[in-house]
Amino acid sequence: MASDLPPPYTAMTRHPMMPRVNHDEAARFNFLTHFNRYLSGTIGAGNKLAYEKRVLPAFRAEHGRDPEHRYEIRDAMNRDPWHRTWSALKRNSMEMRQHFGRQVVLRQLDELDAMARQYNEHSGQLELDPAIAQPPYQTAVDIHCQPGGYHGEERPGDVTVGANYDVGLFATTGGALGGLNDGGGQAVVAWVKAERPDWSPRRILDIGCTIGHNAVPIAQAFPEAEVIAIDTAAASLRYGAARAAALGVKNIRFVQASGEDLSRWADGTFDWVQTTMFLHELSAKAMPRILAEAHRVLAPGGLILHIEQPQYSDDMPLFEQFMRDWDAFNNNEPFWSAMHGQDLKQVMAEAGFPRECQFVAGVRAVVDPEIFPPSPDKGEEDYGRAAIWNAYGAWKPLAAEAQVAA
Amino acid sequence: MSAPDTPLDWVTLSGRRAKGRRPEYFDEPALDRLYSTVFALAAEVSALRERQDTLERLLEARGTLTRAEIEQYVPDREAGRERGLATQAYIARIMRGFQQEVEAMAASDPPIMDVVERLSRE
């Protein structure tokens with residue numbers, strides 16, 4: 001099955017800010033890349049077998065009915081010896097990815113910090129605001145089990161968490177995001193270019209950009225546009241801004257700001273507001289606030305687009321919902337479960353985007369197929385980590401259309 | 001958090017825990033610990049194999065040896081003895097816990113507390 005082989009870690013693009021890995025550090029990431037594919041593919045099938053052969057029959061015998069919610073399946077599966085074993089393996093894989101990445105970054109942090117400082121001082125592409133507080137949904141736990149989350153510091157002004165995010169994403173995603181970890185952003189660009197070939201947005205806002213790996217390809221694809229990439233986490237922004245500057249992308253600025261309060265931008269400032277794998281890292285109260293702000297700063301006729309894993313609908317089998325929920329309880333993604341259980345169309349409608357203006361499109365990572373094999377077609381086998389996403393979006397109606405709709 | 005001018009203890013810092021309580025996957029906590037060690041070792045074995053593969057390929061590229069020579073290598077009597085001994089010693093190291101449990105079954109030592117109490121009296 002040679003076509004299923006992920007590329008070696010050394011296929012990653014070594015942009016100037018990317019932490020340098022030595023031979024064995026790259027080899028450890030290679031191990032994790034293969035190990036993750038093995039866990040989700042080869043032995044991941046054991047979860048469904050355990051469910052169908054013993055967990056579900058036992059549940060039926062005890063309750064006289066089928067499970068009615070993914071949480072009932074979770075409670076039952078968490079008592080199953082195979083699922084516990086598999087979860088322990090996967091949790092360890094996540095922890096190893098963080099540990100290995102932090103060893104790479106921390107041993108060369110002096111150089112990385114100095115380089116980031118130099119890029120950021122010269123480029124003028126970084127704008128930090130110490131008054132921005134870290135929201136509770138970012139500090140309750142360290143998301144993805146990444147020590148320090150997106151915002152923590154080993155020392156004032158460092159880039160550890162951003163650099164660690166960049167250096168290890170390859171291993172978690174099995175190399176599916178391409179040489180610059182930007183397959184998600186490239187997917188967004190490909191969708192927009194196909195949908196509106198002649199569209200040339202002038203101002204683009206990316207909310208929750210972390211290190212800008214998905215915002216930079218948008219800036220590259222629309223060189224005439226001004227891209228503002230915001231996040232609350234300075235530690236990620238410092239790395240992201242330096243990374244963009246190192247890649248020579250000048251039409252993007254990294255601004256420390258919260259999506260919940262975009263008051264520094266007037267109504268209708270942006271032609272396009274983007275979030276990529278961001279909404280699931282919020283909270284029940286923060287998500288509608290951010291969507292309402294996004295609606296306010298979006299110009300009539302503009303595009304809002306959210307890239308996420310598919311929402312749980314009644315059409316999605318409960319077992320699949322349970323498997324997709326794994327990260328919520330085992331990989332520190334505490335809003336993942338509630339967010340995917342929501343009717344995102346309704347949430348967007350309440351934020352001001354009429355249902356008739358909304359759409360859902362499937363997109364997949366756009367990468368160099370010579371080096372990076374495409375994500376397997378059967379997205380459900382990866383249960384939440386395949387580089388295949390749903391784009392939940394809307395074209396904001398022009399004022400006249402809105403009046404008619406009202 | 002370190003002061004800006006002190007060198008970072010990167011080995012210690014790299015192992016920092018992520019905030020958020022870790023699920024317990026097994027009834028026996030030692031099993032959770034054992035998994036973390038075993039799979040870190042598995043990663044290390046994989047990295048070692050990759051490094052050895054790199055060495056072999058570089059040596060072959062420079063004409064020092066061919067990988068076919070490695071596959072066809074047959075140790076002479078002395079080398080075979082040395083390697084056999086090294087393998088025995090290795091197995092003894094990794095199997096110590098099992099081997100000593102067998103010895104202990106034969107020895108039937110009393111609990112250490114019995115000895116502690118006895119020596120405090122006698």
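Predicted model: local features only at pLDDT ≥ 70, side-chain atom pairs only at ≥ 80, totals over all residues.
I started with Glu320(A) and asked why it counts as partly exposed: Glu320(A) has 18 C-beta neighbours inside 10 Å, and the buried label needs 20 or more, while exposed means 12 or fewer.

Next I checked where Glu320(A) sits, and found it in helix α12 of chain A, residues 318-324.

Then I moved on to helix α1 of chain A, residues 23-40. I wanted to know whether its length fits its residue count. With 18 residues at 1.5 Å each, α1(A) should span 26 Å, and the end C-alpha atoms are 26 Å apart, so the two agree.

I listed the buried residues of α1(A) as well. Among them are Phe29(A), Phe31(A), Leu32(A) and Phe35(A), but also Arg28(A) and Arg37(A). What covers them?

I noted 32 residues from chain A and 28 from chain B. On the chain B side, the elements giving two or more residues are α1 (10-14) and α2 (29-61). Of the elements there, α2(B) gives the most, with eleven residues. So far as class goes, I put down 15 nonpolar, seven polar and six charged residues for the side of chain B that touches chain A.

Key: Residues numbered from 1 in each chain as written. Chains lettered and ligands numbered in written order. Contact = placed C-beta atoms within 7 Å. Helix = DSSP H or I, 4+ residues; strand = E, 2+ residues; numbered from the N terminus. Nonpolar A, V, L, I, M, F, W, Y, C, P; charged D, E, K, R; others polar. Expected span 1.5 Å × (residues − 1).
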